[in-house]
Amino acid sequence: MGSHLEQDPFELSNLLPAGTIALELSGLDQNLSRAVFREVWPPFNQETALSLRPFCSPQDITVLESLSFLVEHDFIRATSNFLSHCNLLLFRVYLIPFDLPGVQGRLMNRQEQTLAYYKRSMKVILPRIISGDDHWRGAQVLPSSPDLFLPPSLDSRTMAEIYSELPSPELEELTDQARAILEGAPIFGLRSVLYPYQRTSVAAMLLKESPIQSIPDPAYTQVRGVGPNGGRFYFQPATLEVLGSCPRTSTVRGGILCEELGTGKTVMTLSLILSTVDQLPAPPETFEAVTPALTPIAFKLFPSEPYNEARKLATPSRRGAKDERLEVPSLLETMVHYVRINSESVGLQPAEEELRAARLWEPIMANTPFYLQRDPGAADHKRSLRARARSPPVITYLSPATLVLVPQNLLGQWENEINKHCTAQIPQRVLVIQKEVKIPPPKQLASDYIIVLMTQERFTNEFRRGGAERVTGTCKCPDFERIRITNCTCNFRTSNTPLTCVRWKRLVIDEGHVSSSVDSALSTFLNTLSVERRWIVTGTPTTNLLGLSFGQSCELDDDELGPLTDDSTSDTSDTEGTPGPEEEGKSRIWTNDDRRDLVKLSAIISHSLSFPKFKADFKAFKNLVAVPLLELTGPSPGAIQVFEQVMKVVMIRHRIEDVERDVVLPPLKQDIVWLDLDDFSRKSYNAMQAVIAINAIDTQRVDVDYFFHRRNKGPLLNTLLNMSQVLFWHTDNNLYSIVPNVQAGEEKFLREEKHRNISDVDRKLLHNSFVHMNLALEDSEWKAINQRVDTFYVVEDFPEAICHALMPLLKLGGNATNRSWGYARAEHLLELRDFVEKHPLSPIQRIVAWAGGILEKEARMMRLLEEKERKKRRRNKEKEGDSTEEPPVEPASVPETVVKTPDQEQEPFILVIPRRTVEGFSTDDLLRSSPVAQSKIIRSTSSKLNHIINEVLAHSRDEKFLIFSNSPLTLAMIADAFKLIHVNGLLCSSQIKPTERYQRIVTFETSDTYRVLLMELKHGARGLNIVTASRVIFCEPVWRADVESQAIKRVHRIGQTKPVTVKTLAIRSTMEEMMVSRRATLQSQAEKVSRNWAEESGMRQFIANPTFLEPGGSGEDQIRLEVPLIRIPPEETPVGVGQEVPLMNVNSGTVPVSVTVDLVDTTSADGRDVELLPPPQSVASPMSPADGPSELPRTKKRRVMFADE
């Protein structure tokens, strides 16, 4: 016993044999070596270091000094041996664990300055420690490539790759409930059948929710010593701390459900909720006095000590008084208490029907569990102990419900998912809290619901009330029959939110990446909730941790990247953080983007999930996890392993190959469709390029007026957005008003260029700029079109008079078949069709007169808008003072002339064409003789729109379309086009309220009438389920691949039954082609893609050096649509002018009567509908009984009369 107590705790067998360090000595004679090394492997100390210092190189002197410091301060032990034949000095290095037994913990408590020197010295020696067994035994030859104790990290993976390679859940020590889920046992209230991987995720969530147990601290990585007896030790990469045993830490009850997008995270969450539907949360463990779980019956009647203490806490003024005599609870009351506290073991929810039949359900639900806690506000140190003792406690109700916080646009989808996946009784126990819904009182909130669903916006607004409920007020409601529980119907008003008066079993934040900002209102208010278990549900925890791979292996073929080559531009600034081919084998250096993602992940884990280790010290994640990853030379040894371990502890996700073993999505085919611009769009694009070129040359690319000057980010971005809009279709008279001004200065520019230091390249660019601007300004049709914002359409067989009346400044054309054609705006064509269908026999003269009225009305509207704009500018000048600066270019948007009223905007663009039948003539019969009956829409002036129309006409009968664009103006133009081609669709843009947007999505999913859904890209990125569509069109290339993939996942996800086709429309030889090429290049090099394409250096270089599209020519092969302006079914019997048409007699219906059709429409100017007059009463029926039998009369002719003749 005595010898054991006297044993040296620093015995080498108790330490970590890390390996050996070799130093080369020069000039050490044999006598000195014998004096220093009298024995084999003697202990190394400061005296040895001083004697060897003169024989070491400067670099080795640093190692020698570091070893000496570490030995002196009990961080390491070392022995040394000198190999005289090769002048090699070997050190055996033993690391001393900080938790070494027998030293009374003094190694764990050191001065900060000593620890700083320790880290500095360890960073010197750790890269030199060789862990080979041969060298440890004294091998006399150094290996050429030795195995290091802590090899430098050669892991070049990005954060996204590390995240995607996390292993699928590994389930150990299963609970009975988790095992039952894995084996396919039914879940109460769940209608849907889960895939195997979904069951595994639910089982893993159940295990993470099990009562808190300690786990190995994920901030430590395991290391082994040299040799078979080296032992296992634990190393912290940031502090360089070595421990003999891994420390334990508490974990969070919950985590991050971050399965791939489209794999069913919502149904997994519902399965978790329903499988634990009867579990109650326990009162929290706090420093303040907290009672055990109580019920009204136990608090009122039970005599045991815990309940006596609770009653004393609830009535502090009577503390110390003699206990009152309590009535004895009945057996039924005791049962009601037991059932409520142990609802899971008795299966309360499945027994609801039986309990209702026994009239016990209501009293059991009224017996709401709660606990009492001393008011946290009473703990103010300024208050006396007596005052704190008199302060009434706070009552908090224990609720088995789950509080689910969702974005506004996903609230309706959650309701639909609950109705789809759950049995009928579950939706009745779901409370949906929207803006106008009042939250029930706390007791009702805690007992009556399984799920409380509310928007994140409403949650943050609600918590501005704050507070908690005190034991105050008196309830005088009667008790239930047979049970002494108050059947309370009181509605006590309180200024506090009921949400803080409930201890929730579970909090679920859908799309929980929104909680990645500690400063957000949502994150701030989350900590005021009392919650036992917390879950973040998101497929993209941070910007670069993406869940976008599910179904990518189903692609049929790869995209063509177009004519541009990868060497079109180069950008070395964006390559930081990714090793190139010449750096093969080196560590990847983490970038500022990685730093930002680590900050977001830290906020989610530390703040939103309240992970104990990182919540206690908010700097712990930064110091222990992030800092070692962000070293200037690359991640520290073990840093990536620690990062992976932390993610494994909190995250649940399957590798994509494991998911695809259970469910295979239909094939996904992605293509880029390369198009050429229409002549008008080409001139607009070139004019804009010319403005950019002249600006660059005029400012010499350095002036503050230069578009790309750092102060002009806003105006530049708007200009680029307008340029992007031009590639679909954009006309704006204000936007191009700058062009004539520049043209007027052409001569001045050319005169002054000789006096400027202009290069030959810029001189040529300047010349080309003026050439292309003159081409646009000399085109009268281009100037006429730019006075209106609408897309224009080429209409064939269009009467010249009508065309000229609608667009008097545009020329008419013809072709080889002598068929006339002309241009018309979408709005005019829709109004023309509506007018002709109401007045089918209107002659050309009347239609021309109507068109004149339309133009006059528009002119009045334009004058009013111009006057409004002038007043606005005048007011701005009065506020800001007189200024000669040009107003900044505004981004393209839907103009006021086409913005609909709120009532109109809510209407989808569905067409309802009435077909009236009047005295045997249908509207179709009359329309066939209209002057525009043969008119056909051949194409639009937008090549992208032509392609979209052609695709929809070809496939919309069998498949639905989802069309994305960044521009509301583009979507509005497409919506007008679909009205013209008789296709029903729905528009979801920013100009529509969120609730109405979601309702349109639901309508699109459930109705076969609507074949197209138009959606702004920012509204379709996350959370939506639109599997009825199988064709996706992007109107312009999407710069960020993750945003594009998220949009595609709305369609290509579980529930999709058809192959999915995705097409991205792009214009050749423009910035869109460059965008596609640059994105592909950056992705192939695993480089970070900037959030804004206008800020990427390669894109800026391309845009800042304009190139012009060649004018003239047909561009792409023109698509010929041939869509009739007025849809008329094929006639069975042609009706011509003057032709006799038999009509049935309206009286007898037996003898035919003929009329002559005379196509003359004298409809009055007030636009009354055309009606046929009934036959004159003087014409008797040939078979009238009054006349008796007679021979058949000869056929009479009757002229068709109109109401106003």
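**Reading the pairing and packing**

Tutor: In this predicted model, Phe964 stands opposite Phe1034 in β28. The two belong to strands β25 (residues 960-965) and β28 (residues 1029-1034), which run parallel and are joined by five bridges; strands are DSSP runs of E with at least two residues, helices are runs of H or I with at least four, and both are numbered from the N terminus. Residues are numbered from 1 along each chain as its sequence is written. Local features need pLDDT of at least 70 and side-chain atom pairs 80 or more, whereas totals for chains, interfaces and linings use all residues, and side-chain values use heavy atoms, with hydrogens and water left out.

Student: In what order do the six strands of the open sheet lie?

Tutor: In general, strands of a sheet pair through backbone hydrogen bonds, in a parallel or an antiparallel sense. Here the order is β19-β29-β28-β25-β27-β26, with parallel pairing; two strands pair if DSSP finds at least two bridges between them. β19 (668-675) and β26 (985-988) are the edge strands, each pairing on one side only. On average, neighbouring strands of this sheet are turned by 15° against each other, direction ignored. Helix α38 (residues 943-955) packs on the sheet and touches β19, β25, β27 (1012-1016), β28 and β29 (1060-1067), its direction making about 160° with that of β29. Such angles run from 0 to 180 degrees between N-to-C directions, along axes that are lines fitted to C-alpha atoms, for helices over the stretch in contact. Helix α39 (residues 968-980) lies across β25, β26 and β27 and runs at about 165° to β27.

Student: Which order and pairing does the open sheet of three strands have?

Tutor: Its order is β1-β3-β2, and the pairing is antiparallel. β1 (16-24) and β2 stand at the edges with a single partner strand each, so one side of each has no neighbour in the sheet. From one strand to the next, the twist averages 20°. Eight bridges pair β1 with β3 in the antiparallel sense, and Ala22 has Leu90 in β3 as its bridge partner. α4 packs on this sheet, touching β1, β2 and β3, and its direction makes about 145° with that of β1.

Student: How do the axes of α4 and α5 cross?

Tutor: Two packed helices are described by the angle and the distance between their axes. Helix α4 (residues 58-72) and helix α5 (residues 112-125) have axes that come within 9 Å and cross at roughly 135°. They are therefore oblique to each other (under 35 degrees is roughly parallel, over 145 roughly antiparallel, 65 to 115 roughly perpendicular, the rest oblique). The crossing is left-handed, that is, the near helix is turned anticlockwise from the far one by less than a right angle, clockwise being right-handed. Contact means heavy atoms within 4.5 Å. Thr62, Val63, Ser66, Leu67, Phe69 and Leu70 in α4 meet residues of α5, among them Tyr117, Tyr118 and Met122.

Student: At what angle do α22 and α24 cross?

Tutor: The axes of helix α22 (residues 592-608) and helix α24 (residues 620-629) cross at roughly 155° and come within 11 Å. α22 is thus roughly antiparallel to α24, and the crossing is right-handed. Leu598, Leu601, Ser602, Ile605 and Ser606 of α22 make the contact with Phe621, Ala626 and Leu629 of α24. By class, this contact has six nonpolar, two polar and no charged residues.

Student: How many aromatic pairs does a search of the whole structure find?

Tutor: The search finds 17. Phe75 and Phe98 form a tilted pair, at 6.1 Å centre to centre and 40° between the planes (rings of Phe, Tyr and Trp, the latter by its six-membered ring, pair with centres within 6.5 Å; planes under 30 degrees apart are stacked, over 60 edge-to-face, the rest tilted). Phe75 lies in the loop between α4 and β2 (76-83) and Phe98 in the loop between β3 (88-95) and α5, so the pair ties together parts 23 residues apart in sequence.

Terms used: Ala, Val, Leu, Ile, Met, Phe, Trp, Tyr, Cys and Pro count as nonpolar, Asp, Glu, Lys and Arg as charged, and the others, Gly among them, as polar.
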